[in-house]
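Here is a friendly walk through one structure, meant to be read with the model open beside you. Take a moment to look it over before you start.

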Amino acid sequence: MIELKSLSRRYRSDEIETTALHDVSLTIRQGEFVAIMGPSGCGKSTLLNILGTIDRPTEGRYLFDGEDLTASSEAALAQHRAQRLGFIFQSFNLVDDLTIAENIELGLLYRKGRQGSRRALVEAAMDRVGVGHRARHFPHQLSGGQQQRAAIARAIVGEPSLILADEPTGNLDTENGAQVMEILKGLNAAGATIVMVTHSPSHADQAGRRIDILDGRLVASVAQAI
Amino acid sequence: MLRSILVAFWRSFTRRPLDAALNLLGLSLGVATFLTLSLLYRFETSYERWTPERGKIYAGGVAYNIPGFTHATRVGAMGGLLEEMKADYPDVRGVRDWPQLVTVHRGAAATAEQMELVDPEFLDFFQVPLLAGDARTALADPGKVVISEDLARKYFGTSDVVGRTLEVTETEGRATYAISAVSKALPKNSELKLDMLRLLTPTRTAKEESWHHWGSIQLQTYYKFDRPEQARALEAQLPAFVDRRVGKTFGDVVPHEMLSLKFVPLRDVHLLDAKQRAAVDTLGVVGIVALALALINYVNLATARAGLRAREVAVRKTLGAGPGTLRTQFLGEAAVTIALAFLIGLAVVELALPLINAAGGLSLGLDYRRDGAWVAGVFGVVLAAGLLAAVYPAFMLAAFKPAQVLASSRAPSGGRFGARLREALVVCQFAAVVAAFVLMLGFLGQIRHMQDADFGYRRDGLFLVTATRGVGVTPEQRNAYWEAVRRIPGVIAVTASSNAPADDSFNSNSTATRLDRAARPGLSPTLNVSSIGPDYFQALGGRLIVGRLLDQQHGGDEQYDPKATPDTVTNVVISRATVKLMEYASPEEALDKLMDFSGRKVRIVGVVEDMRFYSPMEKVPAKIYFFSGLPAWWPADWPITMVRYSGMDDAAMRTRLETAWRQAAPSTPFEGKTALANLDRYYKPQRDRSNLFSLGAAAGAGIGCIGLYGLAAFNTSRRAREVGLRKVLGASSPQVARLLIGQFLRPILIACLIAWPLAFWALRRWLSQFDDPVGIGPGIFLAGAAAALAVGLATVGGLGWAAAATSPGKALRSE
């Protein structure tokens, strides 16, 4: 499904050049649940951003279902994200001015073509993560766990082929973190491909494969029994 | 998309009401000012729109090139000009409008009105809208009159008056006229006064001595050309026409070098005076500046708060929104904000129009059935300007990179460029505010200067009675009246003259030549002549510089001497301006000198100070005064009565003068007002425009303050953590307050440096239109800056102090 070939990402600011990713090659198959681990600043989020097409590699190629996305236009990448990807963030990133239902609807808003009843899809997604009763509330009126579940609903409402989760439990307590992991595992069991960045070894252990990154290099890729 | 735009717009109001209110208030104020001044501009520039022939009609104009005479085109013509034009150019189509003061009698009541003597095809020429009657025949008979629906209602209580009669006294006597048609009321923005029209007959014109006197102006002549090129082509032939027709009337000069005839497009007549045009244009510019200031606010607040939406933009982009979609979203939100601001601005205009009309001496109004297209057009302009202003914030927001925004804990704010842009825009705003304050002070200074200036005579305690030149008034009635007025307690002096302060109905100019030196080549200077009765200078309070005043005791002073021969010398008094124009070294040198004035020998026996009777924008004309001891027998339309009084208020004096008039001339209405009230016609427009400018400037200052407050509130909240840190490190509250307030006062100080030279240039240009401008000192510039600084301090001072007083612990937790 995903193939990264000799991917590098360097940042340049004034006189300093920083290499965030160095010659990373990686393949992720349809239906996998991959956890990415590593210390802070090792390049985990950069890798996730490139997988999510909100950042571009400096070198190398990125193939998604055989399609080379490396040189795609901004508009094409935007549609790619709208049609195929779902994002979950550590700090939820719900839009403060929109209700929970409206936030979840954002996951469908930028898709081209007829989508049938958005309301029905939004309601189904909210029910799936258990925030249906909070549809008309604003994010600040919800607990952290509820906000993250709403963010997951936004990520899955369009039934994307790939879900990218950047430390989805990082801002949650143990109980809420466990609930989020259960949801992610359920989604993976239902066929979704998930790539998750995490600091938590116990959460990483629940993924089907674990990838370790250090100083921008991929140092290990280990299949795990779930 | 539309739903998304409306939701975002609505949430911005419900969740950040202060921000939204400041944004909307500033925009609405700008829109309201722009709308009001657009209304005024439209009113002033759309005169005579009532006639469908507006584009084809031209008013006859004339310009004189004579020393001592203003060289500007004025609308008006010699009475017989159209006949002479038709004789040389048979295809010329034209009509004349000769206004006459008349008295309308209804029972015992007599009312002064204006009647227009017009050519028979006048109604058809202008396509005057009629309520009743036939335009082709209504003016066919001199026994008929066409009146306006306003006049019909005034005298009959209804507009259904065709066939009824009106009894009128005019120069030809008292007669009864049948009403043949009723015209619809013309809009207020019309120079034509068509209350009462009657046929101009050859019999009537034959009685007018100066009908074919080149150089005279009696009436308005209008021409019609199907295409502008036709007007221009005929105008090009007019110098030759003038030379042919004038011949040697002006002596040896080439006539067309002294007098040129013009065709002035009807739409340009109202603002023919370049100074008036400039005043209207200036107010239009003030409207545009007010809108620009409001849009600057919008850009400032939108870009400053862009950081607050950065995370939203990043999320939307991550979820698949392209930059184009986001730009559409933000421009859509701007369009909704501008549309709402327009509606609020429109409501403000509706509520404020009575106040603005009173302050500006206007009669502006909005009729949505008639003005719908105009309102839509102005909305289009405001929306287009608003969207143009919103482009930068929209593009700035849409350009945020999601990966960077989501990785950062601080919200971006447009970077160094954004901060500099906002500061530059605040500087622009306050430069406009400072300039407006300086100009406002300059205008007020000039108005006060004009009111306090020495006019060369005393303006208070002086009453002008124009009824003595009313139609049908006999010499005996005038004499009886003057006798009665002299007996009124408090009356100090009574006189009669052909001219009075702010009365220009009789304006005669002729050339003068010095006889004490050899004739000079070229055109002789022109002097403005006044005929004066006994006690003229005493009644006015005029000041004699040298020599003596004219009176009945000196035989040679009387201008109407039945035994006069071509060699008879008449004594005259001249003004200081005449001394200069005639090139006498001093008033003393002018004494006893002989001049030829319009073919008559005159001797200068006195020189008086200049007396300003007319507009403060015009030079005081060089005057020559002729005396007559028997003003009651002057031509009927000359003698205006001037009464000097003291110890009685104006209203009581008016009552006494009116009572005396009713006894002396019961069938002629009393007409008169104080000199101050009469002169106000020149000063009121200046005051009105100054008031309008002040309102516009106040709105601009308000908009600037709203913008400054919004920006200060935003920046202060962004710097809350810095405030906490500074206080932890030992800074006191006043030190922190000075830091925060100083940050916002710095742009105001820079704005002063930009505004001062601009304001100086604009003020000097504006003052150049006055004959006696007030001096421009540094005081008004400093005062303007101080006012802007005070306004700025009042705006941001509270915010800065409140932020500085916050406890460091709370401030450090803010992020």
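Predicted model: local features only at pLDDT ≥ 70, side-chain atom pairs only at ≥ 80, totals over all residues.

**Chain B as a whole**

Chain B has 815 residues, and 43% of them count as buried. Its secondary structure comes to 24 helices and 22 strands. Along the principal axes, the C-alpha atoms of chain B fill a box of roughly 110 × 65 × 55 Å. Among the contacts in chain B with a separation of 6 or more, 81% link residues 24 or more positions apart.

**A bent helix**

Helix H12 of chain B runs over residues 368-398. How far does H12(B) span between its end C-alpha atoms? The span is only 39 Å, whereas a straight helix of 31 residues would span 45 Å at 1.5 Å a residue. If you follow H12(B) along, you will find a bend of about 35° at Ala390(B). A proline, Pro393(B), follows within four residues of that bend.

Both Ala390(B) and Pro393(B) are buried. Other buried residues in H12(B) include Val378(B), Val382(B), Gly386(B) and Ala389(B), as well as Met396(B) and Leu397(B).

**Two helix pairs**

Two packed helices are described by the angle between their axes and the distance between the axes. The table sets out these values for one pair in each chain.

| Helix pair | Axes come within | Crossing angle |
|---|---|---|
| H9(B) (residues 274-304) and H12(B) | 9 Å | roughly 20° |
| H4(A) (residues 118-129) and H5(A) (residues 144-156) | 9 Å | roughly 135° |

In chain B, the axes of H9(B) and H12(B) cross at roughly 20°, and that makes the two helices roughly parallel. H9(B) passes H12(B) in a right-handed crossing. On the H9(B) side, the contact is made by Leu291(B), Leu295(B), Tyr298(B), Val299(B), Ala302(B) and Thr303(B). H12(B) contributes residues including Val382(B), Gly386(B), Ala389(B), Ala390(B) and Pro393(B).

Ala125(A), Met126(A), Arg128(A) and Val129(A) in H4(A) meet Arg149(A), Ile152(A), Ala153(A) and Ile156(A) in H5(A).

**Where the chains touch**

How many residues does each chain bring to the contact? Chain A gives 22 residues and chain B gives 22 residues. On the side of chain A that touches chain B, the elements that give two or more residues are helix H1 (44-51), helix H2 (74-84) and helix H3 (100-109). The largest share of that side, 6 residues, comes from H2(A).

Most residues other than glycine have a negative phi. Here are two residues with a positive value.

Asp215(A) has a phi near 50°. This residue is found in the loop between strand S9 (209-214) and strand S10 (217-223) of chain A. Is Asp215(A) partly exposed or buried? Asp215(A) is partly exposed, because 14 other C-beta atoms lie within 10 Å.

Glu583(B) has a positive phi of about 65° although it is not a glycine. Look for Glu583(B) in the loop between helix H17 (576-581) and helix H18 (587-590) of chain B. Glu583(B) counts as exposed, because 12 other C-beta atoms lie within 10 Å.

Methods:
Residues numbered from 1 in each chain as written. Chains lettered and ligands numbered in written order. Expected span 1.5 Å × (residues − 1). Bend = angle between axes of the 7 residues up to and from the residue. Buried ≥ 20, exposed ≤ 12 C-beta atoms within 10 Å, placed from the backbone. Axes fitted to C-alpha atoms, helices over the stretch in contact; angles between N-to-C directions. Contact = placed C-beta atoms within 7 Å. Parallel < 35°, antiparallel > 145°, perpendicular 65-115°, else oblique. Left-handed = near helix turned anticlockwise from the far one by under 90°.
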